[in-house]
Amino acid sequence: MSLYKGIFWYNPSEHTLITKKVACNAYGTATEAVAYSSKSGNNFNHRIEWEKLPKSITGGHPYNYYPRGRVEVKREVMTLYLHPVLRTFEIENLIEEEFGFVGGSIPIREVADGSSHYAYLMDYPLKRCNVCGKAFDLWDNQEDFGFDYHIGYGSRHDTERIRLHLCCDCFDKTLDWLLPQCKINPMSPYR
């Protein structure tokens, strides 16, 4: 059986994995042609690879909709980085099977990563738009328009704090109102 390294998302409604993986040897060297997308250049990037998947698989959701993880293989050890919610016997077995780590072929090291790097839909706190009152949806949480600022000298609001959250629609409306009033255009192309 082949070993694989790569990335995955867990779809809980279907109890399946969505994967981007490549066959490799026990030292993590790919045994087939591959174009990696991660910054390190030796694995895949969740956001980039998700955008390449057809909508029939993603359901039109953003890359951080499902809990996810990564499988690394180095020096005859498999390291499984995953969101802590995925640490169940059933899901771990599914991952190990999908990536060819059954029967103790090489040791497995597990790292439950609850950091923002592996955050997904259920990790986001409920926020509401200060303008329209709408509860943030997935897109609003992903963009997270707004700011949290302690106001200081020079403003008549000195010593106050503003915590402003804007949904995508209200952000667009705010820009549509603000931009025509600007003497210097604050907008620039995204790079």
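Contact means that heavy atoms lie within 4.5 Å. The model shown is predicted, so local features need pLDDT of at least 70, side-chain atom pairs count only at pLDDT 80 or more, and totals for chains, interfaces and linings use all residues. Residues are numbered from 1 along each chain as its sequence is written, and side-chain values use heavy atoms, with hydrogens and water left out.

**View 1. Surroundings of I95.** Leaving aside residues up to four places away in sequence, I95 touches F8, L17, V71, L80 and L82.

**View 2. The largest nonpolar core.** A nonpolar core is a set of buried Ala, Val, Leu, Ile, Met, Phe, Trp, Tyr and Cys residues joined through side-chain atoms within 4.5 Å; buried means under 20% relative accessible area, exposed over 50% and partly exposed in between, with a 1.4 Å probe and protein chains only. The largest such core has 17 residues, and F8, V71, L80, I95, F101 and I106 have the most contacts inside it. Two or more residues each come from β1 (3-11), β2 (16-24), β3, β4 and α3 (89-98). Helices (H or I, at least four residues) and strands (E, at least two) are DSSP runs, numbered from the N terminus.

**View 3. The loop between β3 (68-74) and β4 (77-82) at R75.** R75 is not a glycine, yet its phi is positive, at about 45°. With 66% relative accessibility, R75 counts as exposed.

**View 4. E76 in the loop between β3 and β4.** Phi of E76, a residue other than glycine, is positive and near 65°. E76 is partly exposed, its relative accessible area being 38%.
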